[in-house]
Amino acid sequence: MDALAIALRIVHILAGVLWVGGTALFFLYIEPTINKLGPDAEKFMDELINRRKAPIYFVTISTLTVLAGVVLYWRDFGGINTSPHGLALGLGGLAAIIAWLGGNLLIPQTLGKLSAIAAEMKAAGGPPSGELMARMHAVQERLRLIGTIDLVLLVIAVVAMASARYLG
Ligand code: HEM
């Protein structure tokens, strides 16, 4: 029995499920809700990001997925493998690594900007100025784009991981 392989697979798959599921929930439901609420989302975002530290959840589970995946890949193949099985795992892994880097670098930073603009709107009181609204829309668009790319990369990774062992 290869206990280390079992442990690595459990960490890899469990963390991967939590990562992809959390990302889908965030970008399909939470982010559109934040966008719709505009300045009224400020309290919710402060609670989610600064107090409950949602970004730490994503950094932790995505990093565990990637680390366990890279170790599993190395143990399976001992280097780059170009068989259909190895290529599927490698390319799926690459898509996930790009999502890991982009997601952890860009998403918290963009959410921070959105939260700051919402706070500015609240502090100014009354209807938000055209300039603040334009800034908020630009940041919302950016978040939407990052989320779409992130989800597409993660779906590519899941499809590749799920089918790799049957590709020979
Ligand atoms: C979104 C991120 C990821 C998810 C959801 C995910 C999911 C999975 C799942 C469900 C399996 C089991 C497949 C099977 O037994 O048929 C698997 C296996 C594997 N994954 Fe990933 N994975 C992800 C990212 C990565 C990354 C970044 C790498 C690094 C190259 C990687 C490398 C591997 C390897 C080598 C295996 C085969 C493990 C073995 O049984 O020896 N994965 N992955």
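**Helix packing.** I looked up α1 and α5 first. They pack at an angle of about 160 degrees, with their axes 10 Å apart. Axes here are lines fitted to C-alpha atoms, for helices over the stretch in contact, and angles run from 0 to 180 degrees between N-to-C directions. That makes α1 roughly antiparallel to α5. The label follows the angle: under 35 degrees is roughly parallel, over 145 roughly antiparallel, 65 to 115 roughly perpendicular, and the rest oblique.

Which residues make the contact? From α1, I noted Val 20, Thr 23, Ala 24, Phe 27, Glu 31 and Asn 35. From α5, I noted Gln 140, Leu 143, Gly 147, Asp 150, Leu 151, Leu 154 and Val 158. Two residues are in contact if their C-beta atoms, placed from the backbone, lie within 7 Å. The residues of this contact divide into seven nonpolar, four polar and two charged. Nonpolar covers Ala, Val, Leu, Ile, Met, Phe, Trp, Tyr, Cys and Pro; charged covers Asp, Glu, Lys and Arg; the others, Gly among them, count as polar.

**Source notes.** This is a predicted model, where local features need pLDDT of at least 70, side-chain atom pairs count only at pLDDT 80 or more, and totals for chains, interfaces and linings use all residues. Residues are numbered from 1 along each chain as its sequence is written.

**Whole protein.** I found five helices and zero strands. Helices (H or I, at least four residues) and strands (E, at least two) are DSSP runs, numbered from the N terminus. Of the 168 residues, 26% count as buried. Buried means 20 or more other C-beta atoms within 10 Å of a residue's own, exposed means 12 or fewer, and partly exposed is in between; C-beta atoms are placed from the backbone. The C-alpha atoms fill a box of roughly 65 × 25 × 20 Å, taken along the principal axes.

**Ligand shell.** I found 22 residues around the ligand; Gly 16, Gly 69, Tyr 73, Gly 93 and Met 161 come nearest. A residue is near if its C-beta atom, placed from the backbone, lies within 6 Å of the molecule. α1 (3-37), α3 (54-77), α4 (84-124) and α5 (130-163) each supply at least two residues. α3 gives the most, with seven. The shell divides into 14 nonpolar, five polar and three charged residues.

**Loop.** Last, I checked Lys 53, in the loop between α2 (42-51) and α3. Its phi is near 55 degrees, a positive value in a residue other than glycine. Most residues other than glycine have a negative phi. Is Lys 53 buried or exposed? Lys 53 is exposed, with 12 other C-beta atoms within 10 Å.
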